[in-house]
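Hi there,

As promised, here is the structure for you to look over. My notes follow below it.

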Protein chains: 2
Amino acid sequence: MDTVERLIQSTQELLWERGYVGTSPRAIQRRAGAGQGSMYHHFSGKPDLALAAVRRSAEQMRAAADAALSAPGTAVERVSAYLLREREVLRGCPIGRLTQDPDLIASPDLRQPVDETFAWLRRRMAEVLAEGRAGGELAPGLVPEETAAAVVAVVQGGYVLARAAASPEPFDQAVRGALALLAAGAPAAS
Amino acid sequence: MDTVERLIQSTQELLWERGYVGTSPRAIQRRAGAGQGSMYHHFSGKPDLALAAVRRSAEQMRAAADAALSAPGTAVERVSAYLLREREVLRGCPIGRLTQDPDLIASPDLRQPVDETFAWLRRRMAEVLAEGRAGGELAPGLVPEETAAAVVAVVQGGYVLARAAASPEPFDQAVRGALALLAAGAPAAS
DNA sequence: GTCTATAGCTAGATAGAC
DNA sequence: GTCTATCTAGCTATAGAC
């Protein structure tokens, strides 16, 4: 693996663990095993390197979500697959955690991939839910965009509850709660 | 207002805006209009001052949530009041945002008030939902603890989506989505 | 491409005068 | 109680040699 790649991956890890404010160029260099001069040769500075890392993490998150949402199965099965997919709950969401970083969110360049990732996720989730509604799996009264936002929010908020408790349990509870509500929203139950 | 009070309130504000890692003693002193010596006279250091500030914010969040959840009205009305209560959405949750702070979450003392606040909120929400279920407002199939975790997670995740989008809209969508799912979980709809 | 040197600034605190 | 001085370390680069 070349230096550029090691720098990007180290930055991804540190942004996930410590956020933008908590991540120093020095720490990145140490983790990547690269020198000062090397880093500044390939990237103009911390914001530039962070941008590359955030874009990479955004791609990966999108791919993982799409794997669940575009798999074969009914709409509810695919949403369930998204909610139940294996996660390192206590580490939180590598993209979602960036929304708490004032300096990152204040930069249009750095916020853009974060924004686009969640916009895409909500849209894709809404498509799946709309299919489910059209196919009679979900009550016609549920607005796909709103249900989608709620489902995505349960996951992001689940991370918050889990980290507060230092336990994955509240995350799992929230997911089960969301699944039960979706089941209750099935027309069969109406 | 005395110096101690100004220091605590300034720390509350800065922790909300910038988190623990992003908040320096220097910045606190400047905002509070207090000198170096003054701060270190009243508090042993940054962790000590942060603890006082986090406890204060936790009290305030709990009081605000309890106002909605213990108000008169049906269970669903009270949960709705909690979800719909006035919020500065783009600023995020002053307690929830702290869960993204590795140094804070790594300290048992500092994490404790955060943990207790969400534990209390989930418990209180579950009580209200259990009342609603007992009173026939909610389907017997909905487990109060799980539904409670989902509802609280929708709010915390809603903040994440809103900050990513730099707009309160996704938060409001998620809340409407959650309310619709709760309505779909009413036995009248079964 | 990578290294070392240098630089101005802030973090987080301690010490002692007033 | 509050002030100023001082301290070690780290942050975020830039400059120029190799």
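Which side chain does that of Arg176(B) meet in a salt bridge? The partner is Glu146(A), with 2.7 Å from N to O; a salt bridge here is a side-chain nitrogen of Lys or Arg within 4 Å of a carboxyl oxygen of Asp or Glu.

Some housekeeping before the rest. This is a predicted model, in which local features need pLDDT of at least 70 and side-chain atom pairs count only at pLDDT 80 or more, while totals for chains, interfaces and linings use all residues. Residues are numbered from 1 along each chain as its sequence is written, chains are lettered from A and ligands numbered from 1 in the order in which they are written, and side-chain values use heavy atoms, with hydrogens and water left out.

Now the protein interface. The rule finds four salt bridges between chain A and chain B, along with twelve residue pairs in polar contact, both residues at pLDDT 80 or more. A polar contact is a pair of N or O atoms within 3.5 Å; within protein, one must be able to donate a hydrogen and the other to accept it, and residues adjacent in sequence count only if both atoms are side-chain atoms. On the side of chain A that touches chain B, H8(A) gives the most, with 16 residues (helices are DSSP runs of H or I, at least four residues, numbered from the N terminus).

In contact terms (heavy atoms within 4.5 Å), 47 residues of chain A meet 47 residues of chain B. The two chains bury about 4,100 Å² between them, 63% of it on carbon and sulfur atoms; this is the accessible area (1.4 Å probe) lost on being put together, summed over both parts. Gln100(A), Arg163(A) and Leu181(A) supply 17% of what chain A buries against chain B, more than any other three residues.

- Ser24(B), from a side-chain N or O atom: 3.0 Å
- Lys46(B), from a polar backbone atom: 3.1 Å
- Thr3(A), from a polar side-chain atom: 3.2 Å

Conventions
Helices (H or I, at least four residues) and strands (E, at least two) are DSSP runs, numbered from the N terminus.
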